[in-house]
Amino acid sequence: MKWLPPPTLVLLGCCLFCLLGAALAQLGDPYKILGLQRSATPAQIRKSYLKLVKEWHPDKSADPSAQTRFVEIKQAYELLSDPDRRFKYDQKGITEEQLHNREYYHYTPTPTPFEELFQNGHFNFQENDITFFHKLSITTRQYDKGILPKSARTPFLIFFYTDWCFPCLQTAPYLRKLVDYLEPLGVNLNTVHSAREPSLGRRMNIHGLPCLVLLLDGNTYVYKDSLTSIQRIIEFIRRKLPYNLVQRIHDGETEEFLNGWEDNRVRGLIFEPRDNIRLRYLITAYHFRDRVAFGFVESNEIRERYQVSREMDTVLLFNENTTRPVASVSMKDIPTTTLHHIISSHQYLALPRLSSQEVLESLCPCEWNKPRKRLCVVLVTQASSSHDVHRQAFRSYAQAAPYSAEKVRFAYIYHDKQSEFVNSLIPDGEDVEPILRIVIIWRIDTTHVKYEWVRDKWESEENFNDTTQKLETTISRLLRSSEALTYEAFVKELFDEHAKGIFGRIFTKLIIMTSTMYDSLDKEQLLPALSIVGTVVFIVILGYVMAYLVKLEEENVQKQTAKMAKGNNNNEAGGPTGSAPGYQPELKLHELRAEKYNGLVRLLKPGCRTILLVLDMQSRQTLIPPFHKAMWPYRKNKTLMFSYMFVERGLSWYKEILELSLPEGTELNINPRNCVGTVLSLNGHRKYFCMFHAKHTERPKRIKANQKSTKFERDPEAGRFLGFDTDSSESETDEVLLQGNLLDGLPNWLDRLFEGTTHRYHINYWPDFPNK
């Protein structure tokens, strides 16, 4: 059985609700009640509320109006803490919905989105119509070709939805309001049917439906808060706009800000009655950030200086002349279209610099039609303060020139930064010094230009009148449709002088990636992501620790090796002759002897080789230094070993490997003097060697197909080198071989050796090395 309250309680409740409704209807300005500005943040609203509640609480204040004041403070806080109610009040001055009528008051709680969707048992098609999404829908191709390039200047909100998505339908009325509010400010909203464009959803890290994504300069930011709160969406856009997009200007900072026009950008000052800049000016600053630098003035002194009204929004634009603005607009609410029109008309300095291809396209657009040709008069200077006086004189002339901006535009260019573009305008075969010269350009298309140089250099003081008169005569002549410019050329695009460096781009990319990852990850994905990052950091730290320990171990091994090598200097050759005692070269040369023969030749690992120098006692001091120098670049190669052999000790072994490489039955008469300076590359595993000598040309004659392969054709020079020439023992031959530097061609032979183009002499086995 349902319990009903007594009639007395019902009557008292109705009276209380009536009084509450009357109080709400008479609620004044909530900002004044809480002592706040209209730009107050939620944190400032709560702080002021807590302070006033403690002060005006009826139990703590003896003021007779404390109770009334306490109710007003509470009602004002409830209104401003609700983003939707605050938005309605800021736009239309509505403090509360109608809670009662003349006959009776009936409390009606705020309907839920599903109750709104199914009001009176049917869909509310006027507010929740899916066709609203279809009208704004785009495809992946439209996104790539149109939306993505435009995001460099215009922010885009992309809403992802699908059919039969009830949460998507319930957000339709809020998106309509969002479009009505943001489109006049310059923010565009588009929708994407997620089922029809699944690849686009994956590219933008869509985590669920419905989903709202902000697109700025090609970077996406996923909005994760409530889609029914317009105020939160606006705050989200403000947070994601580039940092320090509008600089705050205080007392004494105006001159420094306005004199920064040398970056080739116009300066703009924004004045508002509020403490925080409005979204429309932030979006305008984002749109023109390449051409205009904006500052938000927070100084009464600057207001008085430029006589700006405190009740109006005012925007002032300045070029090189910082004493007075070139354009200004002042209104209660400046429309975005009006603001864009004024800035577009004054977005370039009086004498702009051709600092990028975009500036060139805007100032000097292409025009192939001869009667409608547009001339660009460019002064070539350098990025030096010594040329400031010439640029200032040219600027003064450009401001007073009697030509329409639609026909003639004046600009200057830095030769040291745009040398490729300027040098392409120098005629072939003519000696033209471009510095402080004026070139007149007619752009027929993006790469094809016709041009003409003014004969005299631009003078700033002497003969200034004659120079300007000649320039005017040249321009007037070239403006005639019957006149043609003297030269033509094909030029490349201008270098972007304002582009960020490699480190700046990397830093910006890292910040954007971090922000994008943070926005894309939800609570369920955050822990695995942190786990992956922690694992990567742990592996990197562990790798550095292991590398440090290995480095310490290598240093210890090197110290021990150096100590052990001090006693072996008599048997090891390496460094220059006459080196200091205890000197340990990084490249070691081992003497080939019987006890080292297996380690240097027979037992070499696969892929390893020994480079052997053949010498005698007389040539030791002469041949080891150049051999050491030639081997030095290969000292860190772990597959190579370096050695030398005294021909007196290893003559029999040397003779045997030569005979093994020749046809059977071939006997050699080795002359030891002819073998001095020979370098052998010994591959112990594959049983072959390569040979270098100053007299060894490595050009054996080809054997004809009808001849037997066993026949060995001798090259006279090769025979003399090998030592089996019957005349090789003559003193004249010995004298020739010992003269000059025998190892001059060794570096080139080493290059061919490692390229694999040297001749290989294969043998069946490695003979024994003599013990004595």
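A nonpolar core is a set of buried Ala, Val, Leu, Ile, Met, Phe, Trp, Tyr and Cys residues joined through side-chain atoms within 4.5 Å. The model described here is predicted. Its largest nonpolar core has 52 residues, and the structure holds 29 salt bridges.

**Nonpolar cores**

- Within the largest core, the residues with the most contacts are Leu-157 and Leu-182.
- Helix α14 (residues 279–287) supplies the largest share of this core, namely 6 residues.
- Apart from this core lies another of 25 residues, including Leu-587, Tyr-688, Phe-692 and Leu-743.
- Leaving aside residues up to four places away in sequence, Leu-157 touches Leu-178, Leu-182, Val-187, Asn-188, Leu-189, Asn-190, Leu-212, Val-213, Leu-214, Ile-233 and Ile-237.

**The five-stranded sheet**

- An open sheet is formed by 5 strands in the order β5-β7-β6-β8-β9, with mixed pairing.
- The edges are taken by β5 (246–249) and β9 (327–331); each has a single partner strand, so one side of each is left without a neighbour in the sheet.
- On average, neighbouring strands of this sheet are turned by 20° against each other, direction ignored.
- Strands β6 (residues 266–271) and β8 (residues 313–318) run antiparallel and are joined by 5 bridges.
- Ile-270 has Val-315 in β8 as its bridge partner.

- Side chains of opposite charge can pair when their charged atoms come close.
- Arg-443 forms a salt bridge with Glu-361, with the closest N and O atoms 3.1 Å apart. Because Arg-443 lies in strand β12 (residues 438–443) and Glu-361 in helix α17 (residues 357–363), the pair ties together parts that are 82 residues apart in sequence.
- Glu-420 forms a salt bridge with Lys-492, and the closest N and O atoms are 3.2 Å apart. Glu-420 belongs to helix α19 and Lys-492 to the loop between β14 (487–490) and α21 (502–520), so this pair ties together parts that are 72 residues apart in sequence.
- Glu-420 is exposed, with a relative accessible area of 52%, and Lys-492 is exposed at 58%.
- Arg-265 forms a salt bridge with Asp-263, the closest N and O atoms lying 3.2 Å apart. Arg-265 is partly exposed, with a relative accessible area of 24%, and Asp-263 is partly exposed at 23%.
- A network of salt bridges links Glu-272, Arg-274, Arg-278, Asp-313 and Asp-333.

- Gln-418 is placed in the loop between β11 (408–414) and α19 (419–423).
- Gln-418 has a relative accessible area of 3% and therefore counts as buried, the cut-off for that class being under 20%.
- The Gln-418 side chain reaches the backbone oxygen of Phe-495 at 2.7 Å.
- Not counting residues up to four places away in sequence, Gln-418 touches Leu-354, Ser-355, Ile-413, Leu-494, Phe-495 and Glu-497.

Methods
Residues are numbered from 1 along each chain as its sequence is written. This is a predicted model: local features need pLDDT of at least 70, side-chain atom pairs count only at pLDDT 80 or more; totals for chains, interfaces and linings use all residues. Side-chain values use heavy atoms; hydrogens and water are left out. Helices (H or I, at least four residues) and strands (E, at least two) are DSSP runs, numbered from the N terminus. Buried means under 20% relative accessible area, exposed over 50%, partly exposed in between (1.4 Å probe, protein chains only). A polar contact is a pair of N or O atoms within 3.5 Å; within protein, one must be able to donate a hydrogen and the other to accept it, and residues adjacent in sequence count only if both atoms are side-chain atoms. Contact means heavy atoms within 4.5 Å. Two strands pair if DSSP finds at least two bridges between them. Axes are lines fitted to C-alpha atoms, for helices over the stretch in contact, and angles run from 0 to 180 degrees between N-to-C directions. A salt bridge is a side-chain nitrogen of Lys or Arg within 4 Å of a carboxyl oxygen of Asp or Glu.
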